[in-house]
Amino acid sequence: MNNYHKYLHIDEIERDLGFYVTTVGYSKIDKNARYPEISGHPADHIFSWNKGRILDGYYIVFITSGNGVFESAKTPPHRIESGTCFILFPGVWHRYKPDPAFGWEEFWVGFNGDYPRHIMTKLFCPERPFVRTGVNKDLINAFTQLLSIVSQAQIGYQQIIAGVTLQVIGLLNRMTFTERSENDPEAIWVSKAIFELQRQLGNELYMEDLVAELPISYSKFRKLFKRLTGKSPNQYHLDLKLDKAEELLRSTNLSIKEIGYYIGFESPHYFSRLFKNRVGLSPKAFRVHSHQIKP
C-alpha cells in the first residue's frame, strides 16, 4: 500500500450534522526514517518529538506493524506494540514516534463534532488512550475503506466516511470491553445483563429476575452495574428505550402512540412526559425539529 493522506474541507453542512471526518491517512515508516514526515500536512498538525503538539479534535491512530512510544499530558511514556490503537484527545498535549530500529505502519482518522464529543467522553478517556486490538481484520478493513472512499471522493462521501468512523469507534469499544472482561467475571455479568436489556427493549423487565442465575445478590449487582456503566439497570434500560424512540421518530412515520407501544409504554402520555424530561422536546416537536435540520 502506498503512503496516502488527505485533510478534508469541512463546510457548514458537515458541521450541522454534528459528526465530520477531518483527515484520513496511511503511512509506512521505514527503519531510521525521519518522523514525522512534514510534507503535505497542515501547520497545526506538524510536530517534533521535543515539542509535541495539541490538536483540536479526536484522532484514532492504528499501528499495524513495528513499535514505538507514546506520551501525553495525561499518560507517562508508553511502549506501542504492533496491533495497538491509541486515541488523541482535543486539547491534550501528546507526542509519539516509531522506534528507529523497527519503524512502523500507521493508519489514522481524525474527526470532530457534537456527536463524537458525546460518545468519546462516554466510551474513552485521555488517561487510558490505548486499545490492544491485535492486527484485527475488521479494523484494517474499515481503515482501508476510509482511504478508498476518500481517494475516490464521490458525491456524498463525507457522510459515508462518518459512518465508517463510527464503525471504528464501535469496534474499539467492543475490544476495550472484551479485553477488560476476559479476566473479570463481574464485567461479564454486566455484559450479559446489557445484552438482555437490549434484546427485550419493548418488554417489561424485573431486574431481580435478570440476575437470578448469577452468583450475586441483586443489591450488589445493582452497585456493580452502576460502577461499570454509570447508571442503574433501570435507568440504563429506560435510556435504551428513549434512544430507540429518537431513532424511530427520525427515521419512520410511526405515530407517537405506535412508537410508545414499540418500546414498551402502554400510556402515550407517560411516554411523552418521559421523552420530554430527557430530550427537552415532546416527541412531536422532536420529530419536526429533526426533519427541519436535515440537509
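This report describes selected helix packing, backbone and aromatic features of a predicted model.

**Packing of α5 and α8**

Two packed helices are described by the angle between their axes and the distance between the axes. Helix α5, which covers residues 185–199, packs against helix α8, residues 233–251, at an angle of about 40°, and the two axes are 10 Å apart. The two helices α5 and α8 are therefore oblique to each other, since angles under 35 degrees would count as roughly parallel and those from 65 to 115 as roughly perpendicular. The crossing in which α5 passes α8 is right-handed. On the α5 side the contact is made by Ile194, Leu197 and Gln198, and on the α8 side by Pro233, Tyr236, His237 and Leu240. Sorted by class, this contact of α5 with α8 comprises five nonpolar residues, two polar residues and no charged ones.

**Backbone features in loops**

The loop between β2 (20–29) and β3 (58–66) holds Pro36, and the peptide bond that joins Tyr35 to Pro36 is cis, with omega at about -5°. Asn32 also lies in the loop between β2 and β3, and Asn32 has a positive phi of about 60° although it is not a glycine. With a relative accessibility of 64%, Asn32 counts as exposed, because the exposed class begins over 50%.

A positive phi in a residue other than glycine is also found at Ala153, where the value is near 50°. Ala153 is placed in the loop between α3 (137–152) and α4 (157–181), and its relative accessible area of 44% makes Ala153 partly exposed.

**Aromatic pairs**

Over the whole structure, a search finds 23 aromatic pairs. Among them is the pair of Phe70 and Tyr96, whose ring centres are 6.3 Å apart and whose planes meet at 20°, so the pair is stacked. This pair links distant parts of the chain, since Phe70 belongs to strand β4 (residues 68–72) and Tyr96 to strand β7 (residues 94–98), 26 residues apart. Phe70 counts as buried at 2% relative accessibility, and Tyr96 likewise counts as buried at 6%.

Phe275 and Phe286 form an edge-to-face pair, with 5.4 Å from centre to centre and 75° between the planes. Phe275 lies in helix α10 (residues 268–279) and Phe286 in helix α11 (residues 283–292), so this pair ties together parts that are 11 residues apart in sequence.

| Residue | Relative accessible area | Class |
|---|---|---|
| Phe70 | 2% | buried |
| Tyr96 | 6% | buried |
| Phe275 | 0% | buried |
| Phe286 | 7% | buried |

Ring pairs also link a cluster that consists of Tyr35, Phe47, Phe70, Phe86, Tyr96, Trp104 and Phe130. Within this cluster, Tyr35 is the residue joined to Pro36 by the cis peptide bond, while Phe70 and Tyr96 are the partners in the stacked pair.

**Surroundings of Ile169**

Ile169 is placed in helix α4, and with a relative accessible area of 2% Ile169 is buried. Leaving aside neighbours within four places in sequence, Ile169 is in contact with Phe19, Ile60, Phe111, Ile119, Met120, Leu123 and Phe124. Between Ile169 and Leu139, which are 30 residues apart in sequence, the distance from C-alpha to C-alpha is 9.7 Å.

Technical notes:
Residues numbered from 1 in each chain as written. Predicted model: local features only at pLDDT ≥ 70, side-chain atom pairs only at ≥ 80, totals over all residues. Heavy atoms only, no water. Axes fitted to C-alpha atoms, helices over the stretch in contact; angles between N-to-C directions. Helix = DSSP H or I, 4+ residues; strand = E, 2+ residues; numbered from the N terminus. Parallel < 35°, antiparallel > 145°, perpendicular 65-115°, else oblique. Left-handed = near helix turned anticlockwise from the far one by under 90°. Contact = heavy atoms within 4.5 Å. Nonpolar A, V, L, I, M, F, W, Y, C, P; charged D, E, K, R; others polar. Buried < 20%, exposed > 50% of the residue type's maximum accessible area, 1.4 Å probe, protein only. Phe/Tyr/Trp six-rings, centres within 6.5 Å; stacked < 30°, edge-to-face > 60°.
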